Amino acid sequence: MMAHSVGVIEQKHSRKVNPESKQATRLRTAMQKALKDLSVGPDAQVNLECFFPEDDIDVSITITRAQLQEFIAEDVKGIGALIAAAMEKAGKTWDAVTNVEVIGGGSRVVAVQEALRAQVPEHLVLGAGLDSSSCVAVGSTYFSAASVGRPASVRATAPVEGQPKDLGVGETDTWLKQVHGQEVKRLQCENEFEAYIYKVKSWLSGPDKDLLAAAAPEVDRWQLWLEDAQAEDTSFDTYDAKFTEIKDFMAEKCAAYFKKVEERAAQKEKELDEAAEKERQRRKELGMDNDKDERTMAKSERFRLAESNKAEGNELLKAGKFDDSIRRYKKAFESIACWGR
């Protein structure tokens, strides 16, 4: 996909993409997303704004599922040999296999699924319940259990005669939870960072974009910084520091914008409160807050209420308030209909 995209760029824009350049990193990230898109749709559209910033050139590439299958045709042919080699190395036959888990974005490609299905016996389902990290964790757990030769019937927390009582299970579990927590925290910060940049971009195309003049020349640089960070092993602290720097910049340089947004929200809230109060007064004037359950009323009271609603409906009709008059007529009818039942 990278080679195809580089060729399209060179043909359309007469520009080469250096494999070690920032453009190549952006393109690889976009290809990863395109691969996911092709797992659920017939094609993927890749749009890279300001791909060549010095000349302000945007790049747009379309990749179809049919093209992807052509790109991976040779690799797909090797899947069978790879599985056979893995089974041979493990010293196992398919009779000893109870579960098969398929991981990785490429596994969602139809051609890959078909190649896998051709190698795995029909009675085995191709599972997709684990991501790559979970798969490594599960595999490591099985490997550790096998390494210490513990009987399958013995629980992980129970000591085995002739073996050390402390097998490091508790320490390993604590370490795994710690690493998992740190990674979740890092990814959450990364996602919030990315979402904020897109939010700023949407503000820059809004009616108050003039109040964001200070952010306009910066947002593309922030985007490129994030893409570089995503291509590297960037820590939570680095993401958090940069994200805080950007938010502080926005709060200081674009204070007028946020003040206007706050004032607009307060005005909208005030208008909603006024509309709600107006509706309450209207219902009170029409006696709608005092409507009763006619099923428990005496016959004379129902007729009195029906006559009252009819009279109010006539007055509202004369005033041109048709919706309110219809409601009054309906209440009058319901009073009599309720008595009839």
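**View 1. Five nonpolar, one polar and two charged residues make up the lining of the largest cavity.** In this grouping Ala, Val, Leu, Ile, Met, Phe, Trp, Tyr, Cys and Pro count as nonpolar, Asp, Glu, Lys and Arg as charged, and the others, Gly among them, as polar. The model is predicted, and local features need pLDDT of at least 70 and side-chain atom pairs 80 or more, whereas totals for chains, interfaces and linings use all residues. Residues are numbered from 1 along each chain as its sequence is written, and side-chain values use heavy atoms, with hydrogens and water left out. The lining consists of L35, L38, S39, R65, L68, R108, V109 and V110, with at least two residues supplied by each of α2 (22–38) and α3 (65–71).

**View 2. F51 and F52 form an edge-to-face aromatic pair.** Their ring centres lie 5.0 Å apart, with 85° between the planes; rings of Phe, Tyr and Trp (its six-membered ring) pair if their centres lie within 6.5 Å, and planes under 30 degrees apart count as stacked, over 60 as edge-to-face and the rest as tilted. F51 is buried at 1% relative accessibility and F52 at 4%, where buried means under 20% relative accessible area (1.4 Å probe, protein chains only). The charged end of R15 sits over the ring of F52, 5.3 Å from its centre, a placement that requires CZ of Arg or NZ of Lys within 6 Å of the ring centre and within 35 degrees of the ring normal.

**View 3. A cluster of rings is linked by aromatic pairs.** Its members are F193, Y196, W203, W225, Y239, F243, Y257 and F258, and K247 lies over the face of F243, at 4.1 Å from the ring centre.

Notes: On a 1 Å grid over the protein atoms alone, a cavity is a set of points where a 1.4 Å probe fits but cannot get out, and a pocket is an open set with protein on both sides within 12 Å along at least five of seven lines; lining residues have an atom within 4 Å of a point. Helices (H or I, at least four residues) and strands (E, at least two) are DSSP runs, numbered from the N terminus. Buried means under 20% relative accessible area, exposed over 50%, partly exposed in between (1.4 Å probe, protein chains only).
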